Amino acid sequence: MDNTSVPLGAGWRLWSQFALRGPGFPASGVLRLAPAGLAEAADKFGADAVLSGADWTAFEDLYGEAAVGTAHELQRVAALPAFQTAVAWQNRPLLSTGIVPFLAWTPSAAGRTSMPRQREELVAHYWQRFCVKNDTIGFFGPVGWGHWDMSASGISVTPGIGLVESSEVYFSSWAVDAVAKLVNADPELRPWIAPRRVPFVRVDHGSVTVPGRRPQLLPSELLDVLARCDGVRPAREVGSAEQLEELVRRRILVWRLEVPADTRPEVWMRHWLTSVDAPGGRAAELLEVLTRGRSRITAAVGPDELKAALSDLESQFVTLTEETAVREKNAKTAPCRSLVYSDARRSARVRLGADLRDALAPLELLLTAGRWLTSTIAERVMARAREVFDGPTDLASFWFACMPVLHGEAGGIAAQVQEEFWRRWRSVLPPLTGSRVQVSTSRIAAAVREAFAAVDGGWTAARYLSPDVLVSDEGELVLGELHVATNTLGASLFVNQHPDPESLLAQTARDHPEPRLLPLLPKEHRARLSARIRQTLVRPEDYYVALVDQTADPARPRTVRSADVMVRAHDERLVAVLPDGAEFGLVDVFSHVLTTLVMDLFRLVPEADHTPRVTIDRMVVARESWRFPAGAMLFVEEKQEARRFVRARQWRRQAELPRFVFVVSPAEPRPFFVDFDAPVYVNILAKAVRRMSRQGDPEARLVITEMLPTPEQTWLVDDQGERYTAELRFVAVDDS
């Protein structure tokens with residue numbers, strides 16, 4: 001593929017390729033849940049109207065008929081094989097506990113008791129996600145691709161054949177880790193496991209040092225054994241079991257099989273099992289069970305076959321491991337809660353013309369502000385690290401000495417930087433009053449460049465910023481999120497759904513002609529890390545440094561331990577000196593911590609009870625939003641649905657909210673769509689507010705943001721002419 005970059009101005013350029021994110025069901029699906037004429041009939045009752053009398057009785061009858069009609073429509077949705085298949089991937093038990101009984105129910109006004117209504121809302125909740133949320137997962141959120149063509153204009157869509165061009169089923173990393181656990185528990189396989197030194201343990205002149213502890217003197221025979229423990233040679237070749245156990249006891253050595261972080265960990269695991277001269281035992285049996293189960297899941301046609309295949313795999317996994325086959329969802333659990341997951345590539349291809357690039361002109365100002373964010377965070381955090389530095393030392397010792405800064409003070413630094421970020425934008429933008437603020441690039445460009453002047457991005461990865469941009473069918477641009485200090489297209493879920501991943505590596509090589517230094521990260525950590533979002537655009541010439549976690553293949557060249565890296569000062573700059581003499585700015589060792597600090601800071605407008613839509617030229621850079629305490633939405637306490645619907649619409653008019661919005665509640669795991677013309681979505685909103693109220697936090701706020709573009713403004717089409725919501729994910733590179 002063509003890797004020619006697209007210049008954006010002032011030292012910024014865009015990758016020639018971009019990702020297309022969108023759901024797997026048409027946007028019109030949610031519009032089917034808004035009964036024709038019901039909203040207009042409800043709006044005939046003014047805010048002071050008494051909801052009684054003949055007119056009210058007639059409306060109640062109309063509402064009852066509409067509610068039954070919506071129930072029938074939701075049953076048609078729930079009966080769709082594609083919908084059931086999507087739910088099976090997301091939460092398989094719901095098919096039995098929610099979908100099957102809902103389909104067996106005969107809707108009627110009298111029969112819409114509590115449980116059927118809950119099931120209506122369940123289907124509607126999944127339906128909004130599958131129709132209007134630009135997720136990236138499975139066939140119901142397939143990854144699409146596009147490219148720039150500066151000789152063309154506008155947006156051109158080549159639909160391809162069908163919705164999905166290809167799909168693949170992957171193992172969650174913890175599923176294959178379970179195979180490694182069985183290896184570690186097998187006495188016959190233990191001699192074949194290659195022990196390795198803990199990354200932060202330093203060996204120096206006959207002693208070993210763990211940061212924060214006194215040096216330990218080791219007998220020469222143990223030092224010799226430790227020197228041979230490179231993570232590649234098996235235990236049987238480096239020392240006796242007693243010697244190795246002694247080093248493990250001293251917390252100097254790791255003697256267990258650890259599967260490297262990878263999109264396809266089962267390949268490495270199978271290679272290891274076939275390379276040892278010993279029976280694989282239960283570990284080999286489990287790997288075979290996983291492999292056969294995945295093949296059956298991949299071949300499954302329809303929800304029933306998929307459900308059976310998933311269930312059988314989980315049952316066999318539990319039998320062999322005596323562990324749960326589905327991880328509970330909580331704040332400490334990383335994504336990929338099931339044994340397997342699926343990702344897919346969309347058939348449609350998109351081409352953007354020169355006029356769209358010109359319309360993106362305001363993006364250059366936002367990227368400049370993003371560079372100031374990363375530069376300022378890096379400068380202030382590294383200034384504190386410089387104060388910690390007390391002469392040349394090994395990286396492991398310095399890393400641990402910096403923990404109070406990186407995981408303590410740095411959070412306060414980031415909060416201060418964000419406040420300053422907002423103050424600088426306030427000095428640039430006109431007063432944020434009313435519902436709309438319009439400004440031109442030419443008017444504010446000089447002020448932005450002065451307010452957000454920065455020498456560089458701060459660290460190597462910060463050269464990348466990844467904006468999500470939505471486009472309406474009339475060509476209006478809307479900024480979704482601006483992902484700071486990360487190339488989001490380097491994540492596994494994108495790279496593995498690209499028709500030519502090598503072209504992405506080639507673009508990376510163009511951006512970084514020299515080797516990079518990358519910190520090794522855990523395989524999983526809460527919502528931030530998993531196999532799907534792991535950065536995979538790493539070249540052989542790049543270095544990895546293992547600070548605490550060693551998650552790379554131990555045989556990979558250019559992977560170094562933190563204890564073997566020296567930290568030195570070059571003037572005011574701290575550098576990491578690797579064992580082979582290569583030098584890198586120490587800021588790159590801290591890059592993941594810095595990225596984590598800054599990645600959610602890019603918001604032009606601070607939180608307020610109301611913030612207007614802000615548009616620069618043709619690009620909406622901040623959508624209109626509102627924040628409400630639970631007590632401000634009294635309609636949610638209405639017990640009778642018809643009254644709740646009318647009062648909700650009255651409240652919406654008073655608050656001047658649009659018809660289509662997205663809602664974020666502290667009591668809900670993710671944003672959800674609301675159509676105020678659709679009673680079922682009003683009911684879902686009311687329930688979310690009541691849940692928030694029950695939490696008892698007086699500071700809690702429901703955040704409502706206008707939906708732009710709306711479901712009626714879509715342009716992405718398939719080969720059947722159906723339209724889908726979509727966003728374009730670009731990669732911007734700082735060349736200044």
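**Core, cysteines and record**

Guide: This is a predicted model, and in the largest nonpolar core, which has 128 residues, the members that touch the most other members are Phe59, Phe83, Met269, Trp272 and Tyr681.

Visitor: Which domains does this core draw on?

Guide: At least three of its residues come from domain 1 (5-157 + 607-729), and at least three come from domain 2 (169-342).

Visitor: And what does Trp272 touch?

Guide: Leaving aside residues up to four places away in sequence, Trp272 is in contact with Val183, Leu189, Trp192, Ile193 and Leu257.

Visitor: Changing topic, how many disulfides does the structure hold?

Guide: The count is zero disulfides.

Visitor: Then what about Cys131, buried or exposed?

Guide: Cys131 is buried, because its relative accessible area is 0%, which is under the 20% cut-off. Cys229 is buried as well, with a relative accessible area of 1%.

Visitor: What does UniProt list for the lantibiotic dehydratase N-terminal domain?

Guide: The UniProt entry, which is unreviewed, gives residues 80-213 and 607-685 for "domain: Lantibiotic dehydratase N-terminal".

Visitor: How far apart are the end C-alpha atoms of residues 80-213, and what about residues 607-685?

Guide: For residues 80-213 the end C-alpha atoms lie 62 Å apart, and that span is 40% helix and 19% strand. For residues 607-685 the corresponding distance is 21 Å, with 28% helix and 29% strand in the span.

Technical notes. Residues numbered from 1 in each chain as written. Predicted model: local features only at pLDDT ≥ 70, side-chain atom pairs only at ≥ 80, totals over all residues. Heavy atoms only, no water. Core = buried A, V, L, I, M, F, W, Y, C linked by side-chain atoms within 4.5 Å. Buried < 20%, exposed > 50% of the residue type's maximum accessible area, 1.4 Å probe, protein only. Domains from an automatic or database assignment. Contact = heavy atoms within 4.5 Å. Disulfide = S-S within 2.5 Å. UniProt positions renumbered as here; feature names shortened; annotations may be inferred. Helix = DSSP H or I, 4+ residues; strand = E, 2+ residues; numbered from the N terminus.
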